[in-house]
Amino acid sequence: MAQFQSLPGFREFYPDALARRNHVFRGWRRAAHAYGFSEYDAPVLEPLDLYRAKSGDEIEAQLFSFTDKGGREVALRPEMTPTVCRLVGEKANALKRPIKWFSIGEFYRYERMQKGRGRCFFQLNADIFGEPGIEAETELIALLVECLRGFGLGAEDFYVRLSDRNLWFYYLETLGLDEARIGGILGAVDRYEKLGDDAFKDYATQFGPLDDGLKAKVLAFLGIKTLASLEATLSDITTEKLQARLGDWRRLLANLADMGLADFVSVDLGVVRGLAYYTGFVFEAFDRKGDLRALAGGGRYDTLVGKLGYNEMPAVGFGMGDMTFALLLEQRGLLPAVGPATEVYVVIGGAAERSAAFADIAGLRSAGYRVDYPLKEIAFGKQFKAAAESGAKLALIYGGDELAKGVVKLRDLTDRSEHEVPRAAVVEAVRDYFTSGRSA
RNA sequence: GCGGCCAUAGCUCAGUUGGUUAGAGCACAAGAUUGUGAUUCUUGGGGUCGCGGGUUCGAAUCCCGUUGGCCGCCCCA
C-alpha cells in the first residue's frame with residue numbers, strides 16, 4: 001500500500017479535479033475583472049507576528065507555524081486580509097484611490113477536517129481600500145453576488161445576509177450599555193442562531209444575568225429582517241448617530257436594488273461575525289437550503305491597516321472559499337463536464353505516413369490548435385475510438401491512400417462526414433472547420 | 001483539543017460460526033478486428049485485506065494500540 005500519504009487535510013488535484021478548480025477560478029476572475037478589480041499576489045509564508053498583531057497569541061494554535069533556519073518565527077498564511085493590508089499600507093501614498101484589488105490564493109489552517117473545510121483551501125479575496133462610504137459596500141456585495149451568479153446560481157440558490165456592527169453598537173449604547181457589555185452582547189448575538197438562550201451564558205457569567213427587558217429588546221433587534229421593521233424599531237430613538245446610520249442603510253439597500261440585486265440581499269441583524277476586526281457593515285452569503293457552511297463572508301474593517309502600523313485606511317472586503325462553493329455547485333449540477341483537451345486528433349496509418357503527419361501536426365499546433373495523435377502504431381479502429389474519447393471534434397486521417405493522392409481526409413467526429421483536402425491546405429481547412437462549425 | 005462511526009484492487013463493494021491460492025462489477029491494457037468510433041466475446045496487469053502487536057494449529061474476520069478518513073462539538077481569520 002501507500003508508502004507516502006499526503007498530509008492530513010491537504011488536497012491533490014488530478015486533472016479532472018484541477019479542471020473543476022480552474023473553472024471556478026476563471027469565473028471568479030471574470031467577475032472581478034468585470035467589476036474593475038486588479039489582481040495581486042503575495043507570499044504564502046509570513047512572519048508569525050503579522051497574525052499575532054491582528055488577533056492575539058491564542059490564534060497561534062490554528063496556524064501552521066514554525067521557526068525557520070534563520071531563527072525567524074513564520075506561519076503559512078491562514079487568510080489574506082493582514083497581508084493585503086500590509087501591501088496597501090506600504091504604498092498607501094502612491095496608490096490611486098479607490099484601491100480595488102482581488103487575489104485567488106491557497107490558505108492553511110491547522111484544524112480538524114470537516115465537510116467543506118480542510119487544512120488547505122483556496123479563497124477569492126476582494127477588497128476596496130480608501131472609500132469610507134457605503135459605495136464600497138455596494139460594489140463588494142454586488143461583486144460577491146456576481147461571483148456566485150456567474151456560475152448559474154440564482155436568487156433561489158443563495159442569498160447575502162447583511163448586518164451592521166455599528167448599528168448594534170449605537171443601539172445598545174442608547175440602552176445604556178458600556179463598551180465591554182456591548183462586546184458581550186454581540187458575542188451572544190453571534191451564537192444565538194446556533195445555541196439559543198445558552199448564547200447568553202458567557203455574558204451572564206461576566207456581567208451578571210441580563211435584565212429581562214433588555215434581553216427582549218436584544219432578541220427583537222436580532223430578529224429584524226427588513227428595513228421597514230428596522231425603521232419602526234428605531235423611529236422613537238432620535239440619536240443623531242443612529243439616524244445617520246439608518247440613512248446609510250437606506251442608501252446601501254437602494255444602491256443594491258438599483259443594481260437589480262434586491263432579491264439576493266436580506267437584512268438580517270442576527271449576523272455580526274465573530275471576527276474582532278470588523279467595524280461596520282458585515283455580510284455573509286449562504287445557500288438557501290442552509291445545509292452548507294457560509295459560502296463567503298466579509299465586512300468593513302477601517303482600523304486594521306492602522307493597527308498594523310500604517311496610516312489609517314478605510315477598507316471593506318470579503319473572502320470566498322472554494323470548498324463549500326464546489327459542494328454547492330455539485331449539489332445543483334453546475335459543475336461542467338471536463339472540457340476536451342484535444343480539438344484535432346490525427347489518425348496515422350503507419351511509419352511512412354507518420355513523417356507527413358508530424359509535419360502537419362507541428363503546423364497545426366503552432367497555429368494554436370490542440371492536436372493529439374497516437375504515440376505508437378495502433379489499428380485504425382482503435383485510433384478512431386481514441387479520437388472520439390479525446391473529445392476532439394475533428395479527425396485528420398493520414399493513410400497510404402491519402403498520401404499517394406497528396407491529400408488528407410478530414411472526418412467530422414460529430415456527424416461522421418468526411419472529405420479530402422490537399423495536404424498543403426490542411427491548416428486552412430481546419431481553421432475553416434472551427435470558424436464555420438462545419439467540415440464543408 | 002473532545003466524542004461517535006469507519007478502513008479489503010484505481011473506484012463501488014462482497015467475503016458465512018476464524019479454515020485451501022481473498023472475489024465481483026466498473027475502470028485500465030492486449031486480442032478477436034492491418035482503413036473508420038457501437039455492441040459482444042476472450043485474455044491480462046493490478047492486493048503484505050491501512051500499519052504494528054496480541055490470541056490461535058490457523059486471522060481480512062477476534063482483542064489492543066496506532067495512523068488515516070467521515071460526521072458532530074470546539075473554532076471559524
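Phe10 is partly exposed in this predicted model, with a relative accessible area of 25%. In total, 23 aromatic pairs are counted. Phe10 and Phe64 make up one of them: the ring centres lie 5.6 Å apart with the planes at 65°, so the pair is edge-to-face. Because Phe10 lies in the segment before α1 (15–34) and Phe64 in the loop between α2 (48–55) and β3 (65–67), the pair ties together parts that are 54 residues apart in sequence.

Tyr40 belongs to the loop between β1 and β2 (45–47) and Trp101 to strand β5 (residues 99–108), so parts 61 residues apart in sequence are tied together. Tyr40 is buried, at 10% relative accessibility, and Trp101 is buried as well, at 17%. Elsewhere, ring pairs link Phe13, Phe25, Trp28, Phe122, Phe151 and Phe325 into a cluster.

Rings also meet charges. The charged end of Arg119 sits over the ring of Tyr110, 4.0 Å from its centre, and that of Arg411 sits over the ring of Phe384, 5.6 Å from its centre.

Turning to the strands, eight of them form an open sheet with mixed pairing, in the order β1-β5-β6-β11-β10-β9-β7-β8. β1 (38–39) and β8 (265–267) stand at the edges with a single partner strand each, so one side of each has no neighbour in the sheet. Strands β6 (residues 120–129) and β11 (residues 315–321) run antiparallel and are joined by seven bridges; Ala126 has Phe318 as its bridge partner in β11.

How values were computed: Residues numbered from 1 in each chain as written. Chains lettered and ligands numbered in written order. Predicted model: local features only at pLDDT ≥ 70, side-chain atom pairs only at ≥ 80, totals over all residues. Heavy atoms only, no water. Pairing = 2+ DSSP bridges. Helix = DSSP H or I, 4+ residues; strand = E, 2+ residues; numbered from the N terminus. Phe/Tyr/Trp six-rings, centres within 6.5 Å; stacked < 30°, edge-to-face > 60°. Buried < 20%, exposed > 50% of the residue type's maximum accessible area, 1.4 Å probe, protein only. Lys NZ or Arg CZ within 6 Å of the ring centre and 35° of its normal.
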